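Good morning, and thank you for making time for this presentation.

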Amino acid sequence: MVQLSRLGPALALAAVTVLLLGGGTARVAPSTAAAGVAGTAAGVQVIGGPRTEDIERIVDILTQDLGLPLPAGTRVHVYTTREAFRRGLVKDAAMGEEGADELAAFAIGIARPGRALLNGRLAGGGEWLRLVAHELTHVAQFELAGGEGRAEQWLAEGMAEHVAFQALERLDEGSLAMHRRVALVRVQRQPAFAHGRLDLSTLGSPRDFTLRHQREGSVETYHLTFLLADYLIERHGFGAMVEYFSRLKRQPSEAAFLSAFGDSIATFETQALAHLRSVTAETRQN
């Protein structure tokens with residue numbers, strides 16, 4: 001697997017999505033955007049790829065239903081092949097050639113302030129919708145926080161997954177409750193959790209998060225982050241999640257977390273571990 005230290009600082013700041021739900025390569029439908037003509041999705045510009053209507057549906061859910069802000073002039077770059085995605089990482093995300101080569105080998109999308117870059121080979125179906133929602137949630141997080149890398153990465157990824165499955169549910173493409181049940185089963189194979197730990201301090205930065213999910217399993221680690229965000233939302237509401245990211249403009253992460261959720265990260269980690277161990281034990285019994 002690619003080691004983050006070889007990718008340089010560009011990847012350290014990027015929110016990266018890997019293929020989590022499985023499935024084969026989807027057929028890409030033609031469109032004017034696929035021919036290189038930019039489309040628009042509720043004020044978001046879609047460049048170079050198909051399925052503009054899918055992106056518009058996701059933008060509406062994020063901005064109108066969930067109240068997440070996307071900056072004016074947000075761009076969604078869609079590439080129809082892995083090689084096109086690799087070239088886009090260099091041209092549109094200002095990434096070095098070596099880092100782009102290695103990132104394109106395992107990632108299907110990244111987010112940067114004001115833009116998302118997506119490998120459109122998945123265009124169509126639930127996994128494509130999840131990818132679009134996940135990456136645009138990261139764009140909204142950067143807008144709320146006033147920049148990249150300010151949030152706890154485990155929380156940024158967990159919220160992005162939670163929003164993605166909220167969007168799928170609204171589109172009748174999935175179920176938040178069903179994903180929760182799946183995550184409670186699969187998280188039991190996450191190595192740290194299986195040994196009675198969360199070790200959130202080593203999931204806090206983009207660099208550390210990438211190293212751990214590559215070492216301990218991407219699917220299992222993303223399921224863990226989803227469940228952590230789900231627990232916070234259950235206890236405090238989605239508005240508290242948005243408040244945490246908004247506070248990062250003026251507070252460091254630990255202080256913003258305490259202000260938004262009423263507990264320190266360390267206290268939350270203890271509570272969340274106990275909660276997840278309890279509910280996964282119930283899952284095994286059933």
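A word on provenance. This is a predicted model, in which local features need pLDDT of at least 70 and side-chain atom pairs count only at pLDDT 80 or more, while totals for chains, interfaces and linings use all residues. Residues are numbered from 1 along each chain as its sequence is written, and side-chain values use heavy atoms, with hydrogens and water left out.

Let me begin with the chain as a whole. Its secondary structure comes to 13 helices and six strands; these are DSSP runs numbered from the N terminus, with helices being H or I of at least four residues and strands E of at least two. Of the 286 residues, 55% count as buried. Here buried means under 20% relative accessible area, exposed means over 50%, and partly exposed is in between, with a 1.4 Å probe and protein chains only. Among the contacts in the chain with a separation of 6 or more, 68% are accounted for by residues 24 or more positions apart. Contact means heavy atoms within 4.5 Å.

I turn to helix packing. Two packed helices are described by the angle between their axes and the distance between the axes. The axes are lines fitted to C-alpha atoms, for helices over the stretch in contact, and angles run from 0 to 180 degrees between N-to-C directions. How do H5 and H6 cross? The axes of H5, residues 126–145, and H6, residues 153–170, come within 8 Å and cross at roughly 130 degrees. The two helices are therefore oblique to each other. On this scale, angles under 35 degrees count as roughly parallel, over 145 as roughly antiparallel, 65 to 115 as roughly perpendicular, and the rest as oblique. On the H5 side the contact includes Leu129, Ala133 and Thr137, and on the H6 side it includes Ala160, Val163 and Ala167. The residues of this contact divide into 10 nonpolar, five polar and three charged. In this grouping Ala, Val, Leu, Ile, Met, Phe, Trp, Tyr, Cys and Pro count as nonpolar, Asp, Glu, Lys and Arg as charged, and the others, Gly among them, as polar.

H6 also meets H2, residues 52–65: the axes come within 10 Å and cross at roughly 110 degrees. H2 and H6 are therefore roughly perpendicular to each other. Ile58, Ile61, Leu62 and Asp65 of H2 make this contact with Val163, Ala167 and Arg170 of H6. It divides into five nonpolar, no polar and two charged residues.

Next, consider H11. Seven of its 10 residues are buried, and the helix is mostly covered. The buried residues, Tyr244 and Phe245 among them, pack against H5, H6, H10 (218–236) and H12.

That brings me to the aromatic rings. Rings of Phe, Tyr and Trp (its six-membered ring) pair if their centres lie within 6.5 Å; planes under 30 degrees apart count as stacked, over 60 as edge-to-face and the rest as tilted. By this rule the count comes to 11 aromatic pairs. In one of them, Tyr244 and Phe257 have ring centres 6.0 Å apart and planes at 80 degrees, so the pair is edge-to-face. Tyr244 lies in H11 (residues 238–247) and Phe257 in H12 (residues 253–261), so the pair ties together parts that are 13 residues apart in sequence. Both Tyr244 and Phe257 are buried. Ring pairs also link these two with Trp154, Tyr231, Phe245, Phe261 and Phe268 into a cluster.

Also in H12 is Ser259, which is partly exposed at a relative accessible area of 36%. Setting aside residues up to four places away in sequence, Ser259 touches Glu243, Arg247 and Gln251.

Finally, the loop between H6 and H7 (176–186) holds Glu173, partly exposed at 40% relative accessible area. Beyond residues up to four places away in sequence, Glu173 touches Gly126, Leu129 and Leu168. Asp172, in that loop, has a positive phi of about 60 degrees although it is not a glycine, and is exposed, with a relative accessible area of 72%.
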